There are 2 protein chains.
Amino acid sequence: MAIQKPSVPKGTRDFTPEEMVRRNYIFDTIRSVFKLYGYLPIETPAMENLSTLTGKYGEEGDKLLFRILNSGDILDGYDSTKGLDTKALAIHVSEKGLRYDLTVPFARFVVQHQHELVFPFKRYQVQPVWRADRPQKGRYREFYQCDVDVVGSYSLLYEVELAQITDDIFRRLNLDVVIHINNRKILAGAAETAGYPDKLTDITVAIDKLGKIPLEKVLGELAERGLPGEAIEKVVPFITLEGSTDEKFRFLEDYLSGSETGKKGIEEARHVLTLLGGTGLRANIELDLKLARGLNYYTGTIFEVKATGTSIGSICGGGRYDDLTGIFGLPNMPGVGISFGADRIYDVLNEKNLFPETILATTRVLFINFGPEEEKFVMKQAALLRAAGIPSEIYPSAEKIRKQMEYADRKKIPFVVLAGKDEMEKNLLTVKNMQTGEQQSLSPGELVRTVSPRTE
Amino acid sequence: MAIQKPSVPKGTRDFTPEEMVRRNYIFDTIRSVFKLYGYLPIETPAMENLSTLTGKYGEEGDKLLFRILNSGDILDGYDSTKGLDTKALAIHVSEKGLRYDLTVPFARFVVQHQHELVFPFKRYQVQPVWRADRPQKGRYREFYQCDVDVVGSYSLLYEVELAQITDDIFRRLNLDVVIHINNRKILAGAAETAGYPDKLTDITVAIDKLGKIPLEKVLGELAERGLPGEAIEKVVPFITLEGSTDEKFRFLEDYLSGSETGKKGIEEARHVLTLLGGTGLRANIELDLKLARGLNYYTGTIFEVKATGTSIGSICGGGRYDDLTGIFGLPNMPGVGISFGADRIYDVLNEKNLFPETILATTRVLFINFGPEEEKFVMKQAALLRAAGIPSEIYPSAEKIRKQMEYADRKKIPFVVLAGKDEMEKNLLTVKNMQTGEQQSLSPGELVRTVSPRTE
């Protein structure tokens with residue numbers, strides 16, 4: 001066979017051990033906090049039937065689905081009078097697609113397993129998704145999503161809980177963040193106040209761009225979307241509002257006094273922020289009336305999290321929805337959820353140098369190999385260390401010591417044990433601390449204590 | 001939109017929380033042991049270029065690849081004079097496929113990242129693979145593989161290490177297993193002894209069926225594959241050999257005395273088994289001359305693991321190979337590896353009722369919700385428990401206590417806390433042990449100690 005220069009498909013990535021331990025540091029932290037609040041893991045297949053996926057992400061989304069070719073004779077049953085028609089062929093040759101996000105598969109899952117689940121159902125899901133997007137810096141065709149949702153309850157306690165979870169995760173990752181909170185009903189109230197409740201989507205899509213493009217352009221876009229000058233004028237004080245949370249609420253009480261929906265939004269937001277105030281969060285919470293996230297299915301609270309002191313944008317976001325599963329035949333299934341962007345979090349931690357050094361040293365002890373007899377001796381010592389939970393390796397052959405030391409060095413192994421004939425006779429081990437260069441002669445029991453991470 | 005009855009593609013599965021905690025119990029155990037021996041995680045993309053995948057799994061394997069439809073106009077550049085030709089179309093419309101196993105992507109990875117890696121490179125990889133197989137009981141189109149390999153060394157110490165890892169994993173899973181060991185060079189020696197070294201593949205394919213079909217049929221197959229009666233007669237004592245490991249070695253010394261390859265195989269097997277003898281394994285080790293695994297790329301040690309007292313076959317297997325990466329342009333890359341079959345291990349643990357009960361209770365404490373005031377009080381208590389690492393939930397609304405209790409019951413939550421006005425005033429918590437029914441009145445600090453898994 002011809003020799004091939006190996007590569008991966010564009011927009012996809014390999015993860016080397018160094019990247020994996022950092023990614024796992026993020027994933028493990030996220031998962032451990034999810035568990036602490038009683039959320040349970042699920043997984044769904046990488047492929048879904050196209051009938052499950054199409055029509056759920058808009059026309060653009062449908063184009064970005066990766067479709068899987070049917071097995072066997074792909075033209076079997078194809079109406080050949082249609083000839084070589086791309087669209088007809090694409091539909092005929094494929095009936096499955098790769099997961100585009102975790103929300104639609106989760107909705108399908110809830111409906112399909114509704115009789116096995118305990119509601120309110122608190123689940124988390126950490127799996128890759130695939131999108132046939134144009135690859136660019138920081139955007140990939142395969143990436144992980146970490147979603148946490150609770151469905152089957154309207155209780156605002158879950159909004160509070162999700163903000164606590166978010167705070168807890170970034171506290172453990174030692175990252176300063178601001179949790180932005182808004183409420184879809186407040187936005188709807190503002191659209192009503194402007195006299196254009198039916199323009200809510202247009203208004204939120206434009207508002208969503210505030211901070212990315214200048215105010216004038218946002219207002220221009222509102223005009224383009226059919227909002228008259230008079231209505232735009234009414235919206236301006238809302239979207240340019242500054243001040244403390246209390247000041248914002250005072251403004252809203254007055255501004256939204258003519259909208260029942262708006263008043264309900266204020267009540268919900270106030271309840272969530274008040275409860276959060278008593279929980280001693282590390283993160284700053286901001287009532288952010290500009291937060292819209294452009295997603296129509298949110299009906300209540302909206303979340304977005306940004307790391308402070310970096311240009312990297314939103315690192316997680318979510319909100320409350322009223323009807324997750326109606327499309328699959330199960331109406332009235334409310335819920336609230338947040339999605340953590342692992343790649344963005346990775347980039348932020350990298351930029352701020354917040355990955356702990358210790359996670360890179362995965363093996364703690366390397367035993368130098370002096371030959372067959374010494375090998376048997378150190379195998380016993382390595383077994384003792386492993387039994388104590390200390391990751392240990394034996395170099396596989398009696399190469400030059402310099403080469404063996406280089407292996408320890410490149411793998412960032414902090415301790416090297418040299419045990420030759422002399423040591424074997426005395427049942428002692430010479431331990432070298434690779435950072436300080438210090439050498440000690442220790443008994444097997446002393447070795448365990450010396451290299452244990454807890455007693456370092 | 002029309003309502004759809006939701007389902008997953010055939011041969012794929014959802015995993016509910018109950019299944020996930022069991023699966024994670026297996027995966028976490030496997031991963032923690034891999035780490036203890038200095039193996040590092042990697043991940044590769046779900047999709048690979050078809051040029052990486054095709055031709056690596058034989059003609060049958062190529063048919064079982066899931067191919068991904070190209071994005072955009074799939075007929076762009078198609079030679080329309082070829083018309084509606086299934087094969088030509090299938091090749092034209094798809095240039096990527098889903099990972100079929102972890103070995104070929106690993107080989108590609110090693111070549112592509114050779115200058116970043118430290119050799120010997122010890123890696124593990126736990127990811128799903130996809131095969132367009134006919135779905136049947138216990139065989140899926142999406143399933144996880146857990147592979148552990150070391151490449152870049154001929155040292156037999158790694159064979160010993162992989163057997164130790166295997167033993168360590170099944171010891172932690174509390175499962176009795178037999179590790180079957182053979183050596184490809186011993187099989188090659190037997191083919192030489194029979195006078196048909198070029199029939200090695202035919203002989204191993206037939207031998208591989210011993211135990212599944214009667215000896216006569218195996219011999220019949222050998223004849224069909226062109227081995228004359230005289231040669232078959234010579235093979236019979238080899239494949240029917242019974243006895244202790246020492247007896248088997250004594251037989252082989254004599255039987256393979258005319259084959260240099262065979263003698264090398266004996267030496268390797270003896271070395272591995274001798275070293276393993278000194279490591280105090282829990283598993284039984286068996287020199288199993290019938291073990292062939294039908295895979296041509298193994299060149300030395302061959303492993304297979306079976307659980308005792310079950311009809312479920314091999315639960316993990318592997319071996320040594322001389323040339324992992326030649327096909328991708330990097331020759332002389334020897335290695336040895338083992339693959340753990342997560343689904344089979346799951347089935348065995350299930351059958352033998354070996355999943356610990358404790359892994360199912362993921363939340364330890366549920367706080368009953370008596371209303372807004374009590375909610376604030378128990379939020380503080382729940383925060384204390386979580387800070388102590390104890391997974392805790394608050395019921396989201398003040399429903400009937402019976403309903404809240406039922407939630408705890410169905411989620412197998414072992415402790416329920418009832419804190420009403422009375423308790424709030426005294427800063428005490430009434431704790432109910434859901435298993436014994438016993439109730440206690442405790443201070444917040446006492447609660448932490450009482451519900452902590454360590455003091456139970």
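In strand E11 of chain B, Val336(B) is the bridge partner of Val150(B). This pairing belongs to a predicted model, in which strand E6 (residues 142–151) of chain B runs antiparallel to E11(B) and is joined to it by seven bridges. Strand E10 (residues 314–321) of chain B is likewise paired with E11(B) in the antiparallel sense, here over six bridges, and Gly319(B) stands opposite Gly337(B) of E11(B). Strand E11 of chain B, which spans residues 335–341, is mostly covered, five of its seven residues being buried.

The cysteines were examined next. No disulfide is counted over all chains.

In chain A, an open sheet is formed by five strands in the order E13-E12-E14-E15-E16, with mixed pairing. Its edges are strand E13 (392–394) and strand E16 (439–442) of chain A, each of which pairs on one side only. On average, and with direction ignored, neighbouring strands of this sheet are turned by 25° against each other. Strand E15 (residues 429–433) of chain A is antiparallel to E16(A) and is connected to it through four bridges, and Val431(A) is found opposite Gln440(A) of E16(A).

Two helices of chain A lie across strands of this sheet. Helix H14 (residues 372–387) lies across strand E12 (365–367), E13 and E15 of chain A, and runs at about 170° to E13(A). Helix H17 (residues 444–451) lies across E12, strand E14 (415–418), E15 and E16 of chain A, its direction making an angle of about 135° with E16(A). Within helix H14 of chain A is Glu374(A), which is classed as buried because its relative accessible area is 7%, under the 20% limit. When residues up to four places away in sequence are not counted, Glu374(A) touches Ala419(A), Gly420(A), Lys421(A) and Met424(A).

The interface involves 106 residues of chain A in contact with 106 residues of chain B. The size of an interface is often expressed as the accessible area that is lost when the parts come together. Between chain A and chain B the buried area is about 8900 Å², and carbon and sulfur atoms give 64% of this. Glu43(A), Leu84(A) and Arg386(A) supply 7% of the area that chain A buries against chain B, which is more than any other three residues supply. Since 100% of the interface residues of chain A are also interface residues in chain B, the copies meet through the same surface.

Methods:
Residues numbered from 1 in each chain as written. Chains lettered and ligands numbered in written order. Predicted model: local features only at pLDDT ≥ 70, side-chain atom pairs only at ≥ 80, totals over all residues. Heavy atoms only, no water. Pairing = 2+ DSSP bridges. Axes fitted to C-alpha atoms, helices over the stretch in contact; angles between N-to-C directions. Contact = heavy atoms within 4.5 Å. Disulfide = S-S within 2.5 Å. Buried area = accessible area lost by both parts, 1.4 Å probe. Buried < 20%, exposed > 50% of the residue type's maximum accessible area, 1.4 Å probe, protein only.
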